[in-house]
Structure formats: structure tokens, C-alpha cells
Amino acid sequence: MTNSTPRKLRSQLWFDNPDNPGMTALYLERYHNFGLTREELQSGKPIIGIAQTGSDLSPCNRHHIVLAERVREGIRTQGGIAFEFPVHPIQETGKRPTAALDRNLAYLGLVEVLFGYPLDGVVLTTGCDKTTPACIMAAATVNIPAIVLSGGPMLNGWYKGERTGSGTVVWKAREQLAAGEIDYEGFIEIVASSAPSVGHCNTMGTATTMNSLAEALGMSLPGCAAIPAPYRERAQIAYETGRRIVDMVWEDLKPSDILTREAFENAIAVNSAIGGSTNAPIHLNAIARHIGVELDNDDWQRVGHDVLLLVNLQPAGAYLGEEFHRAGGVPAVVNELIKAGKVSDRAMTVNRQTLVENCHGREIEDHDVIRPYDDPLVPNAGFINLKGNLFDSAIMKTSVISDEFRQRYLSNPDDPNAFEGRAIVFDGPEDYHHRINDPALEIDEHCLLFVRGTGPIGYPGGAEVVNMQPPDHLIKRGILSLPCIGDGRQSGTSGSPSILNASPEAAASGGLAVLQTNDKVRIDLNRGEANILIDDAELEERFRVLAEKGGFPIPEHQTPWQEIQRDMVAQFDEGMVLKPAIKYQRVAQG
Ligand code: FES
Ligand code: MG
């Protein structure tokens, strides 16, 4: 396509609107004041937003401030005009009480900008965990041409000859500190070694997961997700991304053309193969809702559970972002999935080719880092969706359950997939830290640890606290983990076997709200069930008492946004979206 196509662009409503010459003059006047000319604004060139997520407050995405220069040059080369503007920061490690609180706020802000300003298309700069879904959700709602530019992971971290991966090294170094093997200075030194350059987390945490899924959805140029932030290819793909969005505007290639059911199913398969974060179902289900595709955790189990783990990255594996890129990144993973028949060939991407056309023949460059489909790291790498009187939906990665683990909780030797244990219940992370070593709880290796009050309403935005360490006396005996279940989330950089994202949460009167310490709980993986073993009358009575007390207590709101979001937020299984926002989806084409 060329930019000679005689089509009136959206931005001309502002800058070239004969029906309203007065307003046109006003719009032009102010956008002149930093040097843009009338010719640039009125000649019908596409005006392209660069949604800037980087700032000093957002170090994971800060490199986008530099990359935006290459994006601008790409836009200019292709005949467009670039307008860069800020997106509300979402820094995973810096925002209190939790960065997840701000995903929907950044979404709302970006929707207003994309809708209310003279933009014909937008480059979404993504990186840190929630920046990727927030940007794609907004583009889905407004449905103007949009392309993702990932910022890329940091270089590999190294300490004394070993790779130190973002997040993952913190869990390990904390254990060494607790065991007295290192002092606090040593602890900081090890943790700092995992962040050697600009970029986002270099492990397969939520950032690399969501950027890989953005690519699998077809929202970025092929190969974009894995390129490390400081590499020259990163600046080169920034330039190509800028060029491409201009043509996408002329082609009127919109998110609704790309974010189809087939695209979401492709992304779910890729999530299993890369060993993606347990936060991915929340964010992908949210994007789907904003584009009008029905997607739930049953789809995740149906499409994703039996897909094999191919990518050997920390926390599940050995390597980090640089090796993932050199081994072929997302295109090499998709190519393996194509051979296994796990990819739909109907999903269009931003370059107007299908995902299959983009990735077919992109062979793996390093078989240690990305395994071929016939030699995987583990089978059944996806999630199952558990239901019962504890919750309507919660996800679990079954591939991390060890044999030793199975034996400990087996209720019937003939049924290796059903487990029973005594529940120990904590009301939030503070209560857990306060009481985990309380001898009165009599925690042994047959207990299940529960944490509640940590969902989208209870701990506004949902806390990453479900992976809990056993009490010290068990750790000393070599019991390093107990099954953990909760209505919160788990860091994508942690590899614990947990049942997560339970919906509805306790604060929305889900079954966790009436669970009591010492209740017996049964998890049946074959049936996909999780139940408190009490009779219906007793359960009903507990819910009656809960309602009488006015429901599960939630902490005070600390900011206006916490209160606003709590009033309208959906549960994790529905993507934690703002419920009133869903009806604004623009489904232009089928
Ligand atoms: Fe920002 Fe991990 S903390 S990407
Ligand atoms: Mg995280």
C-alpha cells in the first residue's frame, strides 16, 4: 500500500475540517507552537501516537525514551507524523500497594487519549508486566490501528559464573540469607547482579510472557518480543515498527482484525510452550473481553493444558533472555507448535501475514534453550481450571507437582490425582508472616496453606502472595514447600506449585471466605475439583453467618482510585476488567 490512498483520516477531523473552521484553527494553532507546520498537519499524513510507558518511575520501560527516536524516524520515513505522549506508569517493583492496581487506570487513561486526540494509529511501547496488557486493552477498546513495540529484556545477570535471573534470584538469595550462608550486603549484591542493563525482567516472568503473547497474538512484528533491550536489533525493530504502523493506517488494519478467537488460542498454546506466567490468563482474558471475544479459564485448560514445555528459561529452567533470543525467540517456538498442529493458520498479524506465514520454517538455533516438540522439557505444561465449593475458578500448573508431593497428599493409592489435606488459613500476607511459625497451628507436611483477602477487591489489584514458605520447623526437616491456595496471584518469576487467582475471592463472598483452619480440603485433578469436605447445611450456615457480619472485611481505601476500582472490578477469571468498560468494545469486523 502507499500513502497516496485517497482516504480521509481520523486526524483530519481536527486539522482539516471544513465544517468547523474555527475549531480547526484552534487545533492547528497550538500544535504549531513547537514547530510543526501547517503542511505537516493538513496534508493528510497519518498522525501516529507513540504511547510512551517509560520514565524514571518505570525503569523496566525507560529504554523506550531512547527507542522512540527510532520509532519517529520510521514513522517519518514512511510519510507519517509522530506524536509521543505519556502513559500512566505501571512499575511492578515500585508501586505500592501493588502495580496490578494500576493496569486498569493506565487502560482508562490510554483509552481517553486514543479516543480524544488526533491520532490515526498508535505504537504501544510495552515491557514491564502490566504495561503490555494495559496498552493492548486500550487499543482493543478504541480499535484504531495499533502495533506493539516491546522494550526487550535486560541482558543476562551473572554472579560468580552463574546466571542470575530477575526475581528468581531473589527467592534463592533469600533462602541463603535465612540459612546464614550470606550476609545482607551479599544478598543485595547477588540481587543487583540480576539487573545489568536497561530492559525488563530477563526471566520468563510476566514481562517476557506478556510480550511473547503480544507477538503470538499478532500484535507485534515477528521476533520482536525476545530481542534484549540494548541489542542493535532492538533499535532496528523500533524503526521497522514505526514504518509499519503508517502502512497499517492506510490499510485500516485494526486490533479487531488481529485479536480474533484463533489469535487468543494461538497465544494460549504459546504460553504453555514458553512456560508462561500464571498472570497470563488474567491479562489475556481481559484483552479478549475488551475486543468482544469470549475467553475463559476453561479455554485455557482445553487449548493449553496438554501443550508441552519447550523453553528452558528460569524460573522453570536454566537460561535467560539473551539465550531465548539467540535460540530463535517466539517464531522458533511457534514453528514447533505449527509442526505439532497447535497453531491456527487463520490468525492475521500486524504485517498482514498470518502467524503461520511469519513463523513457518523458523528453525530452533539452540536445542538446549528451545526444545523441539518431540523432545520437550515436561508434558502438559498448561493450566487446569479447578472448581468447587471453594471457588468457581482457579488455575493450577500440574506439571510442577513432584512425585514426592503426590505421595504426601494421596487420599487413595488407586487415585494418584486426588489429594486431601488439613487447611491452614491466613487472612492476607501480614497474617501469614505473623502466624506461620505459631506452634498452635500444628502445621505438618500434610497441611495445605491458604491465603485469602488478596484478590482484586480484598487487596486492591490483587497481591502476588500465594506462594508461601512452610514454617521453619518443616524447612529444617527438608520440607521446602507445601501446596498453597489463594485468591491472590503469584509472581511470574516464582516456580511454586500453587492454586491461584481463585474467583470469586473471599472479599466477593467466594467459598474461601467461609473456609476455617483445620477444615479438610480435597483437590481432585481428574475431576478438576477443589472442595471443603463439609456438608451442604454446614456450608450454608457459614455463608449465612458471613452475610450477617456484612461479608468478608476489606481494608480501608487509601486512594480515590482504590475505591472507584473496587466498586466496579471483575474477578480474576474475568480478567479483572472494569465491568462498565466492556460495553465500549468496538467490534468492527468479525
Ligand atoms: Fe518490570 Fe519485571 S519488574 S519487568
Ligand atoms: Mg510480577
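Student: What is the order of the eight strands in the open sheet?

Tutor: The order is E7-E8-E12-E11-E10-E9-E13-E14, and the pairing is mixed. Strands (E, at least two residues) and helices (H or I, at least four) are DSSP runs numbered from the N terminus, and two strands pair if DSSP finds at least two bridges between them. This is a predicted model, in which local features need pLDDT of at least 70, side-chain atom pairs count only at pLDDT 80 or more, and totals for chains, interfaces and linings use all residues. Residues are numbered from 1 along each chain as its sequence is written, while chains are lettered from A and ligands numbered from 1 in the order in which they are written.

Student: Which strands are the edge strands?

Tutor: Strand E7 (383–386) and strand E14 (529–532), each of which pairs on one side only.

Student: In which sense do E9 and E13 pair?

Tutor: Strand E9 (residues 418–427) and strand E13 (residues 520–524) are antiparallel, with five bridges. Ala-418, for instance, has Asp-524 in E13 as its bridge partner.

Student: How are two packed helices described?

Tutor: By the angle between their axes and the distance between the axes. Axes are lines fitted to C-alpha atoms, for helices over the stretch in contact, and angles run from 0 to 180 degrees between N-to-C directions. Angles under 35 degrees count as roughly parallel, over 145 as roughly antiparallel, 65 to 115 as roughly perpendicular and the rest as oblique.

Student: At what angle do H7 and H8 pack?

Tutor: Helix H7 (residues 168–178) and helix H8 (residues 184–193) make an angle of about 165 degrees, and their axes are 9 Å apart. H7 and H8 are therefore roughly antiparallel. Where they touch, Val-169, Val-170, Ala-173 and Leu-177 of H7 meet Phe-187, Ile-190 and Val-191 of H8; contact requires C-beta atoms, placed from the backbone, to lie within 7 Å.

Student: How do the axes of H5 and H6 cross?

Tutor: The axes of helix H5 (residues 103–116) and helix H6 (residues 131–142) cross at roughly 40 degrees and come within 8 Å. H5 and H6 are therefore oblique to each other. Among the residues of H5 in this contact are Tyr-107 and Leu-110, and those of H6 include Met-137 and Ala-138.

Student: How many helices and strands does the protein have?

Tutor: There are 22 helices and 14 strands. The C-alpha atoms fill a box of roughly 75 × 55 × 50 Å, taken along the principal axes.

Conventions:
Contact = placed C-beta atoms within 7 Å.
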